[in-house]
Every structure is written in C-alpha cells, then in structure tokens.
Amino acid sequence: MKQKLQDDLKLAMKGGDKLRVMTLRGALTEITRLEKDVRRPVSDDEVVQILKRERARRDEAIEFARKGARQDLVEQNQTEAQILDGYLPAALGSEEIMPAIRAQMSAGISQIGPIMKALRDQFGARLDGKIASDLVKQALAAKA
C-alpha cells in the first residue's frame, strides 16, 4: 500500500497535480514517522489507520473553515479528503457489523469495550469505529 502511495505521488508530481502531491506527501510523511518510531516497515493495516487519521483531520479542518467562512479552504480540504478516500478500503455497513455484534452478545459479552475489541480484531481497518460504537450501544440498549 505504501508503494502504491509512492507511485501515485510520482505520477502526481509528473502531472503537476499540486494538491494531490501535497496530500500524498503528508500521508507518506506520517507513514515514515511511524516506521522510524517502531523501527520496522509498516503493515497495510497501519497505513490504513494513518490514512483514516489524515482523513479525519480533513473533516475537522472543513468544519473550522466553514465556521470561519473560508470557502476556499473548505473546497481544498474536501478535495484532499476525496483523494484520501481513494486509498481507504470501503467501510463496512451496519448490515455487515450487526451479525458480529449479535454473535458477541449471544456469547455473553454485555459491555461496549470487549465487543468493540472483538469487532476490531474481526474486521481490522475496514471497521468504522464511530458507526460500530453507535450500533453496539443501540444493541445493548435494546437488550436491556
């Protein structure tokens, strides 16, 4: 996955796509920083986590830009978010998560933390934590 990002960065540089270059460089910088911290090459799951974090930063920046009435920054961050979305795996929908939640609950687990850990172990980077958390809370409330 890191290699794909590097290859796409080279293409963007040759094509003169400055926004894509800036976005990919930022993501690759974070990947390199993590590699130096852990002193080994990063896994694809770790790369996806970094890309999700970068995507979340764009969402936050969009909100601040809207509050500041800076339409130019809103558009720039939306474009960067779309670029990052192209590298993220498709997030799981609730119809795929709910059976796993039910299975955990039928196994006797009735707390959010252990269920969320099991979901992360099962689905890895494809799991959207916010959606999963909301679904777990709904399922636990319905059971109670």
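Student: Let's start with charges. What is the general idea behind a salt bridge?

Tutor: Side chains of opposite charge can pair when their charged atoms come close. In this predicted model, a search of the whole structure finds 14 salt bridges.

Student: Which residue forms a salt bridge with Asp59?

Tutor: That partner is Arg55, and the closest N and O atoms of the pair are 2.3 Å apart. Look at where they sit: both belong to helix α3, residues 44-67, and they are 4 residues apart, about one turn of the helix.

Student: Is Asp59 buried, exposed or partly exposed?

Tutor: Asp59 has 37% relative accessibility, so the residue counts as partly exposed.

Student: What about Arg70 and Asp72?

Tutor: Their side chains also meet in a salt bridge, at 3.0 Å from N to O. Arg70 counts as partly exposed at 40% relative accessibility, and Asp72 counts as partly exposed at 45%.

Student: Which residues are linked in a network of salt bridges?

Tutor: Glu54, Arg57, Arg58 and Glu80 are linked in this way.

Student: Now the nonpolar side. How many residues are in the largest nonpolar core?

Tutor: The largest one has 18 residues, and those with the most contacts inside it are Leu5, Ile31, Val47, Leu51 and Tyr87. The elements giving two or more residues to this core are α1 (2-15), α2 (18-38), α3 and α4 (71-85). The largest share, 5 residues, comes from α2.

Student: Let me follow Leu5. Which residues is Leu5 in contact with, leaving aside its neighbours within four places in sequence?

Tutor: Leu5 is then in contact with Leu24, Leu28, Ile31, Val47, Leu51 and Tyr87. There is also a second, separate core of 16 residues, and among its members are Ile97, Met105, Leu135 and Val136.

Student: Last topic: helix packing. Are α1 and α2 roughly parallel or roughly antiparallel to each other?

Tutor: Start with the angle between the axes. The axes of α1 and α2 cross at roughly 150 degrees and come within 9 Å. Angles over 145 degrees count as roughly antiparallel, and α1 and α2 are therefore roughly antiparallel to each other. The residues making the contact include Leu5, Leu9 and Met13 of α1, and Leu24, Leu28 and Ile31 of α2.

Student: Which hand does the crossing have?

Tutor: α1 passes α2 in a left-handed crossing.

Terms used. Residues numbered from 1 in each chain as written. Predicted model: local features only at pLDDT ≥ 70, side-chain atom pairs only at ≥ 80, totals over all residues. Heavy atoms only, no water. Salt bridge = Lys/Arg side-chain N within 4 Å of Asp/Glu carboxyl O. Buried < 20%, exposed > 50% of the residue type's maximum accessible area, 1.4 Å probe, protein only. Core = buried A, V, L, I, M, F, W, Y, C linked by side-chain atoms within 4.5 Å. Contact = heavy atoms within 4.5 Å. Axes fitted to C-alpha atoms, helices over the stretch in contact; angles between N-to-C directions. Parallel < 35°, antiparallel > 145°, perpendicular 65-115°, else oblique. Left-handed = near helix turned anticlockwise from the far one by under 90°.
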